[in-house]
Number of protein chains: 2
Amino acid sequence: MTASLERLSLNQKTTNSWTLPEAVAGCVRAGLHSIGVWREPLAEIGVERARALIDDAGLRVSSLCRGGFLTATDASAFESAIDENLRAIDEAASLDAGCLVMVVGGLPEGSRDLPAARARVAEGIARLAPVAGDRGVRLALEPMHPIFTADRGVLATLGEALDLAEQFPSEQVGVVVDSFHVWWDPQLEAQLARAGRSNRIAGFQVCDWITPLPADALLSRGMMGDGHIDFGHHLQLVTAAGYTGDIEVEIFNADVWAADPDAVVATMKQRYLDVVVGSPGGA
Amino acid sequence: MTASLERLSLNQKTTNSWTLPEAVAGCVRAGLHSIGVWREPLAEIGVERARALIDDAGLRVSSLCRGGFLTATDASAFESAIDENLRAIDEAASLDAGCLVMVVGGLPEGSRDLPAARARVAEGIARLAPVAGDRGVRLALEPMHPIFTADRGVLATLGEALDLAEQFPSEQVGVVVDSFHVWWDPQLEAQLARAGRSNRIAGFQVCDWITPLPADALLSRGMMGDGHIDFGHHLQLVTAAGYTGDIEVEIFNADVWAADPDAVVATMKQRYLDVVVGSPGGA
């Protein structure tokens, strides 16, 4: 049982009401070995204290969430975003995070020029990639479900994220595969195989696509097993692509957030065993 | 002014409270020349009467909505769907519709096997395409926004729809390009160019992607100009791909449906002139 949980990581968003110390303690109580850290709760206690807490608990940091938001048209806003990402890279280095997840940003207010927004993302990544590489941090571009193209992330497919990532050394830029964001993609199998060939999978996140979709699209993610995603198939594909890292559970959902976090973690563990690693396609 | 409205078609869903006779009369009052007909209001008055009404009004039928729903795993349910599509083909032939829009169906209840659902769609289209061809009806596969992959349409991209359509003669199977469904696609330009080369664009629909997304995902479409889509760019692309047919406005939106339909049609005409054909990219 414990061995099967070895790769399971609690992304902090799943237990959104917990501070970072609370989340670290919750991981320890649950017998987990890895945590995905968010920058806002990290800032509340500072990187030094966080590092000490996480080390004392014997946890890995599977990812730091998040950098990105590189689509501003205004030059000074774009430079501010670069500066913010440099700080995020510093934090990721200090925590020895497996990757820095990059949510690249949506269309700027009033703009309908999607190709231009995507071009600015590429420009920003070109600025950040060598710095990240120097710090031993890997940027993980996150292709986001097209429900978020307008307001959150203009990288909409794994193929598009790989087109960008592959312009840089693989130790500088990879992709994060989030089942919720990519499950619908008819090119999923082909693009994950490609990601394997170019050694680009920097992270793997799971949560479910549920219907009817909750009213708030940002909080529309479900616990694994409550929706339509075949996680075993996804795990087979990322495994075939050479990914052996942590499997992070990241759930944005008002009901999950309102529940007792320890109970959420318990359900997460059971579902992970039942429908992710324990399903017919699971490893 | 009248000339600029020549290609504008009112899809009945935009004025959802109108019967078909009311919608035909509304088109005439508004000086429109084309209508997209739905099967349910068509059934209320019968095909013969509808044909006479539409002919008397001097309208074209840009599309019949809709066939599809071909993903059932149960053999008798699949055969029922085939039969229903054969009836839809008959109706489209009787109305001399520009195409029969195919919403192919989502995952069957309890299934997470997306590749299998897609395979059944291909099987269904293979059964229907030659029949449609014999009746002079063109099936228009509708790639749907990935927000609908689970519960409405497993064809998620233009590329995927073309992969399927191109297995059949172009007069039998094409695609319908709906801005709402495809606007986010990083391959939009490349796939529309491909659709032009293989002569596959059977229809072009417009409505906007608005944020925040309305609570009911099915009713989340906005009037052109209220959201994030660059319609002029889309019109340029479909025009470059050789499409010269009608431009249908199809809006599923509770606020639009609650408004006075004549006022909706007036707004639709103005927005069409301003942000579709009249925008910098427009024709």
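**Exercise 1. Helix H11 on the sheet of chain A**

Which strands of chain A does helix H11 (residues 261-276) lie across, and at about what angle does H11 run to S1(A)?

*Solution.* This is a predicted model: local features need pLDDT of at least 70, side-chain atom pairs count only at pLDDT 80 or more, and totals for chains, interfaces and linings use all residues. Residues are numbered from 1 along each chain as written, chains are lettered from A and ligands numbered from 1 in the order written, and side-chain values use heavy atoms, without hydrogens and water.

Step 1. Find the elements: helices (H or I, at least four residues) and strands (E, at least two) are DSSP runs, numbered from the N terminus.
Step 2. Helix H11 of chain A lies across S1 and S10 of chain A. Contact means heavy atoms within 4.5 Å.
Step 3. H11 runs at about 140° to S1(A). Axes are lines fitted to C-alpha atoms, for helices over the stretch in contact; angles run from 0 to 180 degrees between N-to-C directions.

**Exercise 2. The barrel of chain A**

Trace the strand order and locate the pairing of S1 with S10 in chain A.

*Solution.* 
Step 1. The 8 strands close in the order S1-S2-S3-S4-S5-S6-S7-S10, paired in parallel. Two strands pair if DSSP finds at least two bridges between them.
Step 2. Neighbouring strands are turned by 30° on average, direction ignored.
Step 3. S1 (residues 8-11) and S10 (residues 247-249) of chain A share 3 bridges. One partner pair is A:Leu10 with A:Val249.
Step 4. Helix H1 (residues 20-30) of chain A touches S1 and S2 (34-38), at about 165° to S2(A).

**Exercise 3. The A-B interface**

*Solution.* 
Step 1. Buried area is the accessible area (1.4 Å probe) lost on being put together, summed over both parts.
Step 2. A:Arg112, A:Trp184 and A:Pro186 supply 24% of the area that chain A buries against chain B.
Step 3. There are 0 salt bridges between the chains (Lys or Arg side-chain nitrogen within 4 Å of an Asp or Glu carboxyl oxygen).

How values were computed: Buried area = accessible area lost by both parts, 1.4 Å probe.
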